[in-house]
Amino acid sequence: MSSCLFAALVSFFLILAGPARAQDNAALVQRFATESFNDIVGAVNGLATSGSPRAAPVIEALRDGRLVYRASDRAVFIRRPDNSFVNALTGDPAADIGTTRPVRLNNNVRRAIDAAVGALSLLHPDPARRISAAEAVFKSRDGTALAALEAAIGQERDARIKTLMEEARAAVVVANPQASEADRIAAIGIIQRRGDQDALAMLGSLPATTPPLVREAAESAAVGIRRTLAVWEAGQNVWHGISLGSVLLLAAIGLAITFGVMGVINMAHGEMVMIGAYTTFVVQQVIRTFAPGLMDASLFIALPMAFLVAGAIGVAIERLIIRHLYGRALETLLATWGVSLVLQQAVRSWFGPTNREVTTPSWMSGSIEIGHLAITANRLAIIVFAAIVFAALLVFLKRTPFGLQTRAVTQNRRMAGAMGIRTNWVDAFTFGLGSGIAGLAGVALSQIDNVSPNLGQAYIIDSFMVVVFGGVGNLWGTLVAAMTLGIANKLLEPYAGAVLGKILLLVFIILFIQKRPRGLFALKGRAVE
């Protein structure tokens with residue numbers, strides 16, 4: 001609705017009102033010149049439904065403590081921010097108004113003001129103001145706004161805003177003891193279709209004097225809303241589970257590769273995730289210093305940097321330490337655990353022990369509402385990123401010479417070596433690949449978790465659970481396991497709590513591997529031997 005149409009509506013109200021309405025407005029404005037709070041509430045309610053163009057300025061001035069009156073003749077004035085005065089009824093400047101008193105306020109008056117401001121905003125040209133006004137009336141259920149609501153509903157062209165106004169009107173009707181039972185029951189149906197927590201709270205707050213048929217309809221509607229909200233809550237938990245599963249996939253997929261090819265229990269894998277997160281922090285610090293205009297593109301710069309830094313450190317660890325310990329799983333576990341402690345302490349020495357702030361780009365901020373399902377942009381971006389990394393890794397392992405060699409070493413190391421494949425370099429670059437993917441996971445985690453020296457430790461156990469459950473070295477098994485554990489974790493949390501939920505999942509995996517020691521998707525080759 002344009003401002004011209006808004007002005008035309010006001011003019012239409014004035015033409016219909018005529019001189020009698022002008023006299024009524026004068027009487028309403030003069031009612032503010034009193035010490036009686038009840039009279040002031042009546043003046044607010046009357047002025048809000050009068051259709052006068054002076055209603056909004058007067059009521060807003062009262063709300064802000066700028067409405068005063070002169071005791072001698074009960075003339076009411078509005079004090080401007082520059083301490084000049086205008087006549088409240090006409091809006092004309094006023095000078096030498098003499099001694100005045102402020103119009104008094106209490107909680108009842110403030111509630112009446114809030115309801116009146118909401119009613120006056122229902123015809124405002126700004127859609128956001130109309131939405132806010134409709135929501136305010138729905139929550140206040142103020143009967144004085146009914147006439148303004150019906151007028152606004154008749155003029156509204158935006159379907160969404162019109163629905164909100166109809167819901168607000170229904171809330172007013174349900175709360176009105178003078179309305180017929182049939183009208184109140186029909187209004188309850190409208191509120192049930194709204195189906196959110198506000199609707200549930202509204203239906204649960206009906207007074208004890210509500211007729212039995214209306215109360216029964218309200219209770220039935222509340223049951224339906226709770227059922228609907230339970231379904232949406234389950235859907236929200238599934239979404240959170242997919243989000244968690246994507247994080248676990250990113251954190252575990254590199255571990256699945258190195259564990260499958262090399263048989264190394266890499267306890268420093270979480271630190272590769274941490275290095276990726278700190279690489280993101282360093283990249284953003286450099287951009288903030290030298291090219292702040294590129295901040296929204298910082299993650300695209302951090303991704304290859306994190307992959308290279310984490311991958312290079314992974315290759316160095318393999319060449320310097322792990323290659324001397326092949327075939328001794330417990331010793332690789334102890335050695336990599338020691339490496340993880342060294343990396344954590346190095347990060348503490350260089351960056352400090354406290355959390356570091358990583359800025360979220362503007363395109364990853366905000367959320368999307370689908371029904372009662374809230375989809376945050378950063379979680380959605382991580383899910384898409386995890387899918388891209390997974391697909392790219394599949395293509396790399398299936399369609400490139402290095403991928404062919406990696407799969408050959410995974411299935412039969414001795415035969416691959418006999419065919420001329422340099423298994424030691426496959427080990428090194430595979431370890432670097434897995435570490436680099438962990439670095440990519442750190443970039444993603446920097447957007448949803450605290451960047452600290454302990455970041456990787458929160459995901460290393462879950463990563464091993466995913467690898468063992470899905471099947472060592474099997475990418476599809478890792479995907480299925482990550483999503484299964486992520487969704488199951490989020491579905492259990494509301495009932496068992498976060499800690500007990502993880503314990504239940506751990507018990508489930510222990511029982512599962514008793515029956516299927518090689519996981520969901522067993523990999524043939526050296527891993528079986």
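How many salt bridges does the count come to? Which residues are linked in a network of salt bridges?

Modeller: This is a predicted model, in which local features need pLDDT of at least 70 and side-chain atom pairs count only at pLDDT 80 or more, while totals for chains, interfaces and linings use all residues. Residues are numbered from 1 along each chain as its sequence is written, and side-chain values use heavy atoms, with hydrogens and water left out.

The count comes to 13 salt bridges. A salt bridge here is a side-chain nitrogen of Lys or Arg within 4 Å of a carboxyl oxygen of Asp or Glu. Side chains of opposite charge can pair when their charged atoms come close.

The network you ask about links E135, E167, R194, D196 and D198 through salt bridges. Start with E135 and R194, whose side chains meet at 2.9 Å, N to O. This pair joins distant parts of the chain, with E135 in helix α5 (residues 127–140) and R194 in helix α8 (residues 181–194), 59 residues apart. Helices are DSSP runs of H or I with at least four residues, strands are runs of E with at least two, and both are numbered from the N terminus.

R194 also forms a salt bridge with E167, again with 2.9 Å from N to O. Since R194 is in helix α8 and E167 is in helix α7 (residues 159–175), the pair ties together parts 27 residues apart in sequence.

How covered are these residues? Buried means under 20% relative accessible area, exposed means over 50%, and partly exposed is in between, using a 1.4 Å probe and protein chains only. With a relative accessible area of 10%, R194 is buried. E167 is buried too, at 8%. E135 has 21% relative accessibility and therefore counts as partly exposed.

Another salt bridge joins R66 and D64, with 3.5 Å from N to O. D64 is partly exposed, its relative accessible area being 43%.

Next come two backbone details. R74 is not a glycine, yet its phi is positive, about 60°. R74 sits in the loop between β1 (67–70) and β2 (75–79), and is partly exposed at 40% relative accessible area. N83 also has a positive phi, near 70°, and is a residue other than glycine. The loop between β2 and β3 (85–87) holds N83, which counts as exposed at 55% relative accessibility.

Now to the helix packing. Two packed helices are described by the angle between their axes and the distance between the axes. Axes are lines fitted to C-alpha atoms, for helices over the stretch in contact, and the angles run from 0 to 180 degrees between N-to-C directions.

Helix α11 (residues 269–290) packs against helix α17 (residues 423–445) at about 50°, with the axes 6 Å apart. The two helices are therefore oblique to each other. Angles under 35 degrees count as roughly parallel, over 145 as roughly antiparallel, 65 to 115 as roughly perpendicular, and the rest as oblique. The crossing of α11 past α17 is right-handed. A crossing has that name if the near helix is turned clockwise from the far one by less than a right angle, and is left-handed if anticlockwise.

Residues making this contact include H269, M272 and V273 of α11, and G434, S435 and A438 of α17. Contact means heavy atoms within 4.5 Å. By class, this contact has 7 nonpolar, 7 polar and no charged residues. Ala, Val, Leu, Ile, Met, Phe, Trp, Tyr, Cys and Pro count as nonpolar, Asp, Glu, Lys and Arg as charged, and the others, Gly among them, as polar.

Helix α15 (residues 401–411) also packs with α17, at about 105° and with the axes 10 Å apart. α15 and α17 are therefore roughly perpendicular to each other. On the α15 side are F402, Q405, T406 and V409, and these meet T423, V426, D427, F429 and T430 in α17. The contact of α15 with α17 has 4 nonpolar, 4 polar and 1 charged residues.

L303, in helix α12 (residues 298–320), touches F385, L440 and V443, leaving aside residues up to four places away in sequence. L303 and G439 are 136 residues apart in sequence, but 8.1 Å apart in space, C-alpha to C-alpha.

Finally, M419 is in the loop between α16 (413–418) and α17, and is exposed at 66% relative accessible area. Its C-alpha atom is separated by 45 Å from that of N489, 70 residues apart along the chain.
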